[in-house]
Amino acid sequence: MFSTSKSLQMPLDIEVIKELLPHKYPFLLIDRVISLRPGEYGVGVKNVTFNEPFFQGHFPGESLMPGVLIVEAMAQLIAVVYVTQALEDNADSEEENLSNRVGYLVSIKNMKFMGKVAPGDQLHMHAKVEGKFGALSQVKVWCEVEGKKVVDGIISVIEKE
């Protein structure tokens, strides 16, 4: 059983994140969560390294992290925010597979890519829930590299039934 009192101490390392999300290598795109308020917001880190399989073909001569994978990393951070809220709401539950709580991506709005993300960068991802309408939530997301915003937008997600 997952121990919320001990395991949700900041920062959340990769071993805790692997328990919270269903994603596995090579598609687990969060290395650490450094700030978290379950159900409200989170800040996660992705260490971008040249060893990632997508750099073999994106782009020859100029290695860049694909925007679609940056969006996926932010969606995974949102999943951590929601799964940890479910943990707090059901602290007495014996549920073993926490990743069953991860919902689905519904829409991506006004996503802007304002800078490159390359090997050696540390991508700081931010997710802040701005509106909740039943099972649907609207989340403001953005990423920074060395304090400079490189991505900004809104992701909507829906809870799993």
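**Close-up 1. The largest nonpolar core of the predicted model.** This core has 43 residues, and those touching the most other members are Leu 12, Met 65, Met 74 and Leu 123. At least two core residues come from each of α2 (14-20), β1 (32-37), α3 (67-89), β4 (122-133), β5 and β6 (148-158). The largest contribution is that of α3, with 13 residues. In soluble globular proteins, nonpolar side chains tend to be buried together.

Close-up 2. Ser 137 is buried because its relative accessibility is 1%, under the 20% limit. Its side chain makes a polar contact of 2.6 Å with the side chain of Tyr 82. Leaving aside residues up to four places away in sequence, Ser 137 touches Tyr 82, Gly 131, Lys 132, Ile 155, Ser 156 and Val 157.

**Close-up 3. The salt bridge between Glu 62 and Lys 116.** The N to O distance is 2.5 Å. Glu 62 lies in the loop between β2 (41-47) and α3, and Lys 116 in the loop between β3 (104-113) and β4, so the pair ties together parts 54 residues apart in sequence. Glu 62 is partly exposed at 35% relative accessible area, whereas Lys 116 is exposed at 55%.

**Close-up 4. The salt bridge between Lys 140 and Asp 152.** These side chains meet at 2.7 Å, N to O. Lys 140 belongs to strand β5 and Asp 152 to strand β6, so the pair links parts 12 residues apart in sequence. Asp 152 counts as buried, at 13% relative accessibility. Through shared partners, salt bridges join Lys 140, Lys 149 and Asp 152 into one network.

Technical notes:
Residues numbered from 1 in each chain as written. Predicted model: local features only at pLDDT ≥ 70, side-chain atom pairs only at ≥ 80, totals over all residues. Heavy atoms only, no water. Buried < 20%, exposed > 50% of the residue type's maximum accessible area, 1.4 Å probe, protein only. Polar contact = N/O pair within 3.5 Å; in protein donor to acceptor, adjacent residues only side chain to side chain. Contact = heavy atoms within 4.5 Å. Core = buried A, V, L, I, M, F, W, Y, C linked by side-chain atoms within 4.5 Å. Helix = DSSP H or I, 4+ residues; strand = E, 2+ residues; numbered from the N terminus. Salt bridge = Lys/Arg side-chain N within 4 Å of Asp/Glu carboxyl O.
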